[in-house]
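User: I would like to learn how to read a model like this one. Please take me through it feature by feature.

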Amino acid sequence: MGHGRYIAPAFGGGVHTVGAGERLVLDFVILPGQSQDLRVEVDLVGEGAEVTLRGLWLCPADERVSVTVRVHHRVPGCRSSQLFKGIVGGTASVRFDGTIIVAPDAQQTEAYQENHNLLLSETALVETSPQLEIYADDVKCSHGATVGRLNEDELFYMRSRGIPEADARILQMISFLSPVTANLSETQKADIESALSSML
Amino acid sequence: MNREEEDRIIREATTSEYKEGFVTDVEQEYVPKGLNEEIIRTISARKQEPEWLLEFRLDAFRKWRKMEMPSWAHLDLPPIDFQDIIYYAAPKKDADRPKEIDPKLAETFEKLGIPLNEREVLAGVVAVDAVFDSVSVTTTFRKTLAEKGIIFCSFSEAVREHPDLVRKYLATVVPVGDNYFAALNSAVFSDGSFCYIPKGVRCPMELSSYFRINARGTGQFERTLIVADEGSYVSYMEGCTAPMRDEQQLHAAVVEIIVEKDADVKYSTVQNWYPGDSEGKGGILNLVTKRGLCRGEGSHLSWTQVETGSAITWKYPSTVLLGDHSSSEFFSVAVTNNFQQADTGTKMVHIGRDTRSRIVSKGISAGRSQNSYRGLVRINKGAQNARNHSQCDSLLIGSACGAHTFPVIRSANPSAVVEHEATTSKISEDQLFYCNQRGIGPEDAVGLIVNGYAREVLSRLPMEFAVEAQKLLQVSLEGSVG
């Protein structure tokens with residue numbers, strides 16, 4: 001998979017330091033009913049360090065979730081990639097705050113961050129703030145954030161083929177989350193899929 | 001390219017001249033330095049203002065005194081001594097020729113390429129309101145515009161001649177205590193433009209304000225108010241320059257725009273205040289509040305800005321989309337070089353149903369400058385089917401500068417769709433190589449690539465501005481090849 005030391009996927013937050021040639025993969029899942037203030041900080045301190053962060057949150061009721069992610073590129077030649085997906089309904093409110101900092105002289109940095117949210121109810125709130133602070137020029141950095149709804153055309157397509165609306169919506173959510181869930185274990189996937197029915 | 005050559009080119013570029021940096025030697029009258037209620041009364045009296053406006057100013061001043069300077073921006077803002085600024089400076093009027101413009105002032109604007117003489121311009125091109133320090137010197141084409149019922153004059157004149165209109169709309173978009181600098185402006189504002197387009201009228205020419213800071217030790221606090229009544233259309237442009245000085249000068253403006261049902265306003269700015277020298281000495285502190293209110297159904301407001309000047313820019317032209325089906329756009333190119341700092345962006349607040357907004361921001365940083373995009377897209381509960389798309393790109397030229405993106409998206413409506421994307425990169429070696437091997441020198445190649453990069457925004461500018469803006473981009477970045 002990567003080069004150097006491979007740190008196994010782990011659930012949870014905290015501060016992580018990644019040294020030269022090391023590779024860190026971090027997945028986190030916030031299931032329904034969990035109000036959380038999750039903070040993840042990653043320091044890339046050795047050349048060639050690499051980090052992959054993936055996460056998802058399902059908030060169908062009155063959860064208060066705050067996710068703060070900081071990835072700090074302190075030295076040249078590091079790579080970071082982040083992908084976060086959330087589904088928010090009920091009266092839940094979710095705040096995502098993600099920052100990529102590229103220090104001066106941290107050239108040849110590649111840093112990517114994506115955060116996508118589905119907002120399902122009139123009373124829920126999503127706030128997302130993806131930030132880039134870049135002090136070096138030879139970099140490739142991008143971020144993207146969206147807040148939106150399930151695609152009506154897709155839904156119509158499935159319903160016209162006899163799939164009940166509830167099932168169709170769950171299928172859509174499974175597909176929306178799949179880039180994050182792809183790397184999780186089968187039991188974890190099953191947990192997430194069964195939690196999705198509470199989102200309707 | 002090797003480091004030495006790079007350094008040489010950057011050195012050459014940064015010493016290139018700011019050609020608007022001259023001073024006009026004209027007799028001026030000032031109010032004393034400092035800020036207190038007495039000064040505000042003096043300014044108000046000198047402008048022969050009605051009582052309600054004096055009260056408005058004093059109320060703003062009292063609010064301002066309780067406020068603190070904002071520190072959230074990604075700027076290294078020097079402490080400002082508000083008692084060390086002259087809040088009002090006006091060229092002395094020659095008593096014998098009250099109707100005529102002082103030839104020295106006319107010459108100044110001539111030198112800046114701003115036509116004040118109507119005969120010299122092709123009919124129906126641009127009407128200009130020229131503001132010199134604290135007063136408006138002249139407004140052209142007033143008669144032609146008046147025939148259509150359009151009011152275009154200096155703010156002070158509007159207070160005298162159309163007090164009802166001014167009173168009805170003043171501070172309805174930017175409240176007195178909105179923020180620190182807006183409160184300061186509300187207390188001491190001098191002159192600016194007032195513009196009213198009546199129902200169903202399409203303004204036949206571009207309206208334009210030109211702001212010039214000339215006097216030493218002064219600040220400029222202009223106030224502009226644009227009202228587009230039902231079904232009207234206007235395209236408004238704003239330009240600005242200042243002399244080269246070692247000291248920093250303050251410019252704190254407020255612009256308010258009201259767009260009624262089905263009206264359409266296009267607001268363009270080419271901001272070219274003195275940016276300071278290559279050591280970061282001097283320059284204008286440009287701390288500006290601009291906001292539009294799309295009040296009526298189907299109204300539309302479009303912002304286009306090209307920011308190349310100022311030592312520090314703090315500016316977020318924003319739109320409140322109150323009317324159903326209203327829409328707004330924000331197109332921006334911000335260039336920073338040497339020690340310039342810019343923290344600029346927009347706010348789109350969706351309140352009405354089916355409201356649409358689009359943001360395109362292109363930041364270019366060179367030298368040792370810091371360039372930030374800061375934005376807010378807010379979808380309120382009632383904003384059914386609201387839609388926003390934002391794109392913010394940054395281009396870095398040289399390894400000592402910074403480019404930052406701070407967007408906030410807040411959505412409370414499940415039928416709304418909001419998208420934001422941003423990229424940061426440098427001019428690619430491949431693009432440069434491609435140009436070089438076809439005989440285009442590195443400097444021209446950078447100019448070409450930057451202009452291409454900013455094209456989406458530049459193409460939105462009115463013709464007269466587009467040419468100037470392209471040249472400005474070239475000059476601001478000359479040679480800063482990375």
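User: Which residues in α2(A) meet which residues in α3(A)?

Analyst: First, the ground rules. This is a predicted model: local features need pLDDT of at least 70, side-chain atom pairs count only at pLDDT 80 or more, and totals for chains, interfaces and linings use all residues. Residues are numbered from 1 along each chain as its sequence is written, and chains are lettered from A and ligands numbered from 1 in the order in which they are written. Now the helices. Ile170(A), Met173(A), Ile174(A), Leu177(A) and Thr181(A) in α2(A) meet Lys189(A), Ile192(A), Glu193(A) and Leu196(A) in α3(A). Contact means C-beta atoms, placed from the backbone, within 7 Å. By class, the residues of this contact divide into 6 nonpolar, 1 polar and 2 charged. Ala, Val, Leu, Ile, Met, Phe, Trp, Tyr, Cys and Pro count as nonpolar, Asp, Glu, Lys and Arg as charged, and the others, Gly among them, as polar.

User: How do I describe two packed helices?

Analyst: Two packed helices are described by the angle between their axes and the distance between the axes. Here, α2 (residues 165–181) and α3 (residues 186–196) of chain A have axes that come within 10 Å and cross at roughly 145°. Axes are lines fitted to C-alpha atoms, for helices over the stretch in contact, with angles from 0 to 180 degrees between N-to-C directions. Helices (H or I, at least four residues) and strands (E, at least two) are DSSP runs, numbered from the N terminus.

User: How many residues of chain A are in contact with chain B?

Analyst: 29 residues of chain A are in contact with 31 residues of chain B. On chain A, β10 (125–134) and β11 (139–148) are the elements that give two or more residues to that side. The chain A side divides into 13 nonpolar, 9 polar and 7 charged residues.

User: Which strand of chain B is joined to β10(A)?

Analyst: Strands pair if DSSP finds at least two bridges between them. Here, 6 bridges join β10(A) to β22 (residues 402–411) of chain B, and the two run antiparallel. Glu133(A) stands opposite His404(B) in β22(B).

User: Where in chain B is confidence lowest, and where highest?

Analyst: Where pLDDT is low, the predicted coordinates should not be read in detail. pLDDT is the predictor's confidence in each residue, from 0 to 100. Chain B averages 85, and 89% of the residues score at least 70. Helix α1 (residues 3–14) of chain B is lowest, at a mean of 51, and strand β16 (residues 318–321) of chain B is highest, at 97. Over residues 94–98 of chain B the pLDDT is below 50.

How values were computed
Contact = placed C-beta atoms within 7 Å.
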